[in-house]
Amino acid sequence: MAPQRRALPRGPESAGTGPGPATGTGTGRGGRRHSSARKGRSRQDPRGWRAKAAILLLLCTAAVGGLVLWSRLLAQDGISGDGILQDGVTEVLAHRSDSLRDKFVEIPCSEDYDSHRRFEGCTPRRCGRGVSDAIITREEAERIRRIAERGLSLGGSDGGASILDLHSGALSLGKHFVNLYRYFGDKIHDIFTEEDFALYRDVRQRIQQRIAEVFGISSSSMYLTKPTFFSRMNSTEAKTTHDEYWHPHVDKVTYGSFDYTSLLYLSDYTQDFGGGRFVFLDADSNKTVEPRAGRVSFFTSGSENLHRVEKVHWGTRFAITISFTCNPEHGIGDPVLG
């Protein structure tokens with residue numbers, strides 16, 4: 001669930017510029033009233049002009065001051081003037097140009113796990129986030145991306161975010177989802193091969209093994225859980241709430257079953273797309289991961305890793321979310337090409 005945002009402070013009210021010029025001049029007999037009025041205005045103009053100028057200056061100053069104050073209040077709330085959550089002070093945890101063998105940052109665990117059944121030897125007691133470019137090769141990532149592209153070519157969201165879940169068969173189609181195995185039937189064999197599914201399983205197993213090693217748990221105590229899916233994101237305007245992928249959230253709160261989350265990136269930040277960075281939202285500063293084909297980002301799924309994805313500004317971003325649970329009741333099997 002996305003955290004609640006505070007309401008935006010109201011902006012300054014529109015200020016008037018004081019009374020406008022008189023609309024009636026009056027002509028009178030022989031122009032005397034007109035002349036008299038002109039003389040009266042002539043006598044009052046110096047003081048009146050100065051008074052109006054002072055009022056205008058005061059109103060302008062107040063308006064500018066109000067706008068500055070409003071902007072500061074919004075900035076303190078982490079919100080821009082158009083209501084979009086900003087990155088604030090940002091540190092890059094992993095640059096796209098980096099080639100990281102293993103990078104891990106340990107952070108204190110949240111209390112989220114206490115409200116769920118605990119599983120000895122698996123439920124997180126050591127929490128944190130890691131990034132590795134040494135689990136999956138770029139060539140493997142390119143092969144996996146082609147699987148995603150072929151599957152998503154069967155459908156795709158009308159908005160900016162499309163998903164393909166090979167486990168459940170869920171596929172974005174317009175503003176809805178269909179089960180591609182039922183919807184397309186035997187045509188699926190023209191799209192996917194047994195080799196595709198074997199590669200998918202192998203990649204999942206390697207990611208699971210690395211997570212287990214880093215967090216000091218047994219790989220056999222972890223179970224693949226749902227949702228585990230391909231994602232394709234672009235700059236198309238959202239059409240439904242399912243397209244709004246950029247909201248901050250906590251996986252353990254959103255899904256319940258998640259204990260460890262991983263993402264395998266299948267395209268490159270700044271080369272294939274702009275925006276779309278993964279952002280950990282910390283109290284001191286935000287930490288970003290810049291996607292790179294073959295890069296695996298993984299982390300414990302509780303509130304210690306509140307996160308969001310930036311909106312994609314151009315191009316197309318591909319990734320796989322692969323999630324794990326410690327509860328065997330929430331486990332799912334690997335996809336099988338029937």
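## Aspartate 268 and its loop

Aspartate 268 sits in the loop that connects strands E9 and E10. In this predicted model, the residue has a relative accessibility of 4%, and because values under 20% count as buried, aspartate 268 is classed as buried. Setting aside neighbours within four places in sequence, aspartate 268 is in contact with Arg96, Arg138, Phe273, Pro291, Arg292 and Ala293.

Most residues other than glycine have a negative phi. Threonine 270 is not a glycine, yet its phi is positive, at about 75°.

## Serine 99

Another loop, between strand E1 (90-94) and strand E2 (103-107), holds serine 99. With a relative accessible area of 58%, serine 99 lies over the 50% limit and is therefore exposed. Beyond its neighbours within four places in sequence, serine 99 is in contact with Asp133 and Arg292. Arg292 is also among the contacts of aspartate 268.

Serine 99 and valine 131 are 32 residues apart in sequence, and their C-alpha atoms are 9.9 Å apart in space.

Glycine 159 is placed in the loop between strand E4 (156-157) and E5. Its relative accessibility is 4%, under the 20% limit, so glycine 159 counts as buried. Not counting residues up to four places away in sequence, glycine 159 touches Asn234, Thr236, Glu237, Ala238, Lys239 and Asp243. For one of these residues, asparagine 234, the C-alpha atom is separated from that of glycine 159 by 8.5 Å, with the two residues 75 apart along the chain.

Glutamate 149 is located in helix H2, which covers residues 138-152. Its relative accessible area of 32% falls between the limits of 20% and 50%, and glutamate 149 is therefore partly exposed. Glutamate 149 and phenylalanine 230 are 81 residues apart in sequence, while their C-alpha atoms are 9.5 Å apart in space.

## The largest pocket

Rolling a probe the size of a water molecule over the atoms shows where empty space is left. The largest pocket in this model has a volume of about 820 Å³. Its lining consists of 38 residues, and those closest to the centre of the pocket are Phe229, His242, Tyr245, His249 and Tyr255. By type, the lining divides into 15 nonpolar, 16 polar and seven charged residues.

Several elements each supply at least two residues of this lining, including strand E5 (161-164), strand E8 (223-233), helix H5 (251-255), strand E9 (260-265) and strand E16 (317-325). Strand E8 gives the largest share, four residues.

Most peptide bonds are trans. An exception is found between lysine 226 and proline 227, which are joined by a cis peptide bond with omega of about 0°. Proline 227 lies in strand E8, the strand with the largest share of the lining of the largest pocket.

## The chain as a whole

The protein chain contains five helices and 16 strands. Buried residues make up 44% of its 338 residues. The chain exposes about 18100 Å², of which carbon and sulfur atoms supply 52%. Among contacts between residues at least 6 apart in sequence, 79% join residues at least 24 apart.

## Confidence in the model

How much of the chain scores at least 70 in pLDDT? This is the case for 74% of the residues, and the average pLDDT of the chain is 82. Over residues 1-85, in contrast, pLDDT stays under 50. For residues 1-85, the model has 52 contacts beyond four places in sequence.

Conventions. Residues numbered from 1 in each chain as written. Predicted model: local features only at pLDDT ≥ 70, side-chain atom pairs only at ≥ 80, totals over all residues. Heavy atoms only, no water. 1 Å grid on protein atoms, 1.4 Å probe; cavity = no way out; pocket = protein on both sides within 12 Å on 5 of 7 lines; lining within 4 Å. Points joined across faces, edges and corners; volume = space filled by probe spheres on them. Nonpolar A, V, L, I, M, F, W, Y, C, P; charged D, E, K, R; others polar. Buried < 20%, exposed > 50% of the residue type's maximum accessible area, 1.4 Å probe, protein only. Contact = heavy atoms within 4.5 Å. Areas by Shrake-Rupley, 256 points an atom, 1.4 Å probe, with all protein chains shown as cover. pLDDT = per-residue confidence, 0-100.
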